Amino acid sequence: MKIKVKTQEFAQVRIKKGYSQRGLAREINRAVSYISQLESGNRNPSPQVAKEICDALDAQFEDIFFIESVHKRERKPA
């Protein structure tokens, strides 16, 4: 399973809570580029980082993230 970002909602909640990308990065002790990558959908957070972001933004997990199931495809016999 992967935690994926609802990119538009993430940015909206961040802005509504008064955080710039830099400010949120400082709050959770991460690089600004990391926040930017999350917001653009180019990176996925770990469970720990997702929790830190939810806590900092006072948001529910499902408001800004979702879980994507990843199943390995079965190999077809030759």
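Hi everyone, let's start with Glu39, which is buried at a relative accessible area of 14% (buried means under 20%, exposed over 50%, partly exposed in between, with a 1.4 Å probe and protein chains only). This is a predicted model, where local features need pLDDT of at least 70, side-chain atom pairs count only at pLDDT 80 or more, and totals for chains, interfaces and linings use all residues. Residues are numbered from 1 along each chain as its sequence is written, and side-chain values use heavy atoms, with hydrogens and water left out.

Glu39 sits in helix H3 (residues 32-40); helices are DSSP runs of H or I with at least four residues, strands are E runs of at least two, and both are numbered from the N terminus. Leaving aside neighbours within four places in sequence, Glu39 is in contact with Thr7, Phe10, Ala11, Arg14 and Gln21, contact being heavy atoms within 4.5 Å.

Now to one of those partners, Phe10. The structure holds two aromatic pairs; rings of Phe, Tyr and Trp (its six-membered ring) pair if their centres lie within 6.5 Å, with planes under 30 degrees apart stacked, over 60 edge-to-face and the rest tilted. Phe10 and Phe65 are edge-to-face, at 6.2 Å centre to centre and 65° between the planes. Phe10 lies in helix H1 (residues 7-16) and Phe65 in strand S2 (residues 65-68), so this pair ties together parts 55 residues apart in sequence. Phe61 and Phe65 have ring centres 5.4 Å apart and planes at 35°, so that pair is tilted.

Phe65 is buried at 1% relative accessibility, while Phe61 is partly exposed at 27%. Together, ring pairs link Phe10, Phe61 and Phe65 into a cluster. Thanks, everyone!
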